[in-house]
Amino acid sequence: KKYSSVVVNPLAGRQGKEIYFISLKNNNKFIVKEDTIEKAFDFQSFKNIFAPKLKEKKYIGQPYIICRTRKDEPYDFRIHVQRRGNGKWGITKTYPRIGSKDSILSNISRGGRTKNIQDFLIDEFKEEYETVLNKLEETAIGVADYIDSFYRFNIDELGIDLAIDDTGHMWLYEVN
């Protein structure tokens, strides 16, 4: 009721499997999309057929963030951070993950691809590309510091997934 579209991910998920995009259309139809397969349910069918599937495992629901390239492909950014010899976090690699047009996922294991970060940012953000890259990497370091604060030991590396929506807001998808 709060969001018109949500993404439902298994808590113990891997490689983009069993991720569902669920939207409620004006005609009170639930549209459920898994990767490139889409099904429509009326309320009763959704409740009887699809909802029980969500009870089989633990899932987390998130609002769907519109994060698509100029070519209408889903994308996000994976930023690898590692602890340096001085104990500070450093960026090891930053790259976009780009999915196919007919998917909601950008996972490499689900048919996605990567591209050189600078080329991608120039294509998508034009002359703002350096500012966007700096903001992504600053945010990743901040997220790493924050996550690290929960542990009594030092974490040595993290994979941080960030997205920038169609309004320019940055979102944290997950940290591995």
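**View 1. Pairing of Y20 with E34 in strand β3.** Y20 has E34 of β3 as its bridge partner. This is a predicted model, in which local features need pLDDT of at least 70 and side-chain atom pairs count only at pLDDT 80 or more, while totals for chains, interfaces and linings use all residues. Residues are numbered from 1 along each chain as its sequence is written, and side-chain values use heavy atoms, with hydrogens and water left out. Strands β2 (residues 20–24) and β3 run antiparallel and are joined by five bridges; strands are DSSP runs (E, at least two residues) numbered from the N terminus, and two of them pair if DSSP finds at least two bridges between them. Five residues lie between the strands of this hairpin, where N28 takes a positive phi near 60°.

View 2. Five bridges link β3 to strand β4 (residues 37–41) in the antiparallel sense, and I31 has A40 of β4 as its bridge partner. In the hairpin of β3 and β4, with two residues between the strands, D35 takes a positive phi near 55°.

View 3. Five strands form an open sheet in the order β4-β3-β2-β1-β5, with antiparallel pairing. Strands β4 and β5 (59–63) stand at the edges with a single partner strand each, so one side of each is left without a neighbour in the sheet.

**View 4. Pairing of β1 with β5.** Strand β1 (residues 5–10) pairs with β5 in the antiparallel sense over five bridges. Opposite P10 stands Y59 in β5.

Definitions and conventions. Helix = DSSP H or I, 4+ residues; strand = E, 2+ residues; numbered from the N terminus.
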